[in-house]
Amino acid sequence: MPEIIFTIDPTAGKLEMHVVGIAGPACEDIAKLAKQLLGAPAQEEQTAEYRLRPGIRPVIRRKANP
């Protein structure tokens with residue numbers, strides 16, 4: 001199940017957000033919404049999960065021989 005994890009460091013005033021459970025660039029939609037609500041981040045990082053491709057598999061069908 002997709003999650004958004006917020007970590008707040010009150011001493012430094014730092015907020016971190018991690019989008020978990022959404023592979024590939026689809027997580028950018030969630031991040032975009034968070035940016036609208038929270039403002040522009042000082043730093044952005046893409047995780048290994050971002051680089052995963054969604055579960056798309058090619059389907060190869062053989063022609064039937066007459």
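A: Helices (H or I, at least four residues) and strands (E, at least two) are DSSP runs, numbered from the N terminus. Cysteine 27 lies in helix α1, which covers residues 27-38, while leucine 15 belongs to strand β2, residues 14-20. This is a predicted model, in which local features need pLDDT of at least 70 and side-chain atom pairs count only at pLDDT 80 or more, whereas totals for chains, interfaces and linings use all residues. Residues are numbered from 1 along each chain as its sequence is written, and side-chain values use heavy atoms, with hydrogens and water left out.

Q: Is cysteine 27 buried or exposed, and which residues does cysteine 27 touch?

A: Buried means under 20% relative accessible area, exposed over 50%, and partly exposed in between (1.4 Å probe, protein chains only). With a relative accessible area of 13%, cysteine 27 is buried. Contact means heavy atoms within 4.5 Å, and, not counting residues up to four places away in sequence, cysteine 27 touches Val19, Ile22 and Tyr50.

Q: How many salt bridges does a search of the whole structure find?

A: Side chains of opposite charge can pair when their charged atoms come close. A salt bridge is a side-chain nitrogen of Lys or Arg within 4 Å of a carboxyl oxygen of Asp or Glu. The search of the whole structure finds one: lysine 14 pairs with glutamate 16, their closest N and O atoms being 3.5 Å apart. Lysine 14 is partly exposed at 46% relative accessibility, and glutamate 16 is partly exposed at 32%.
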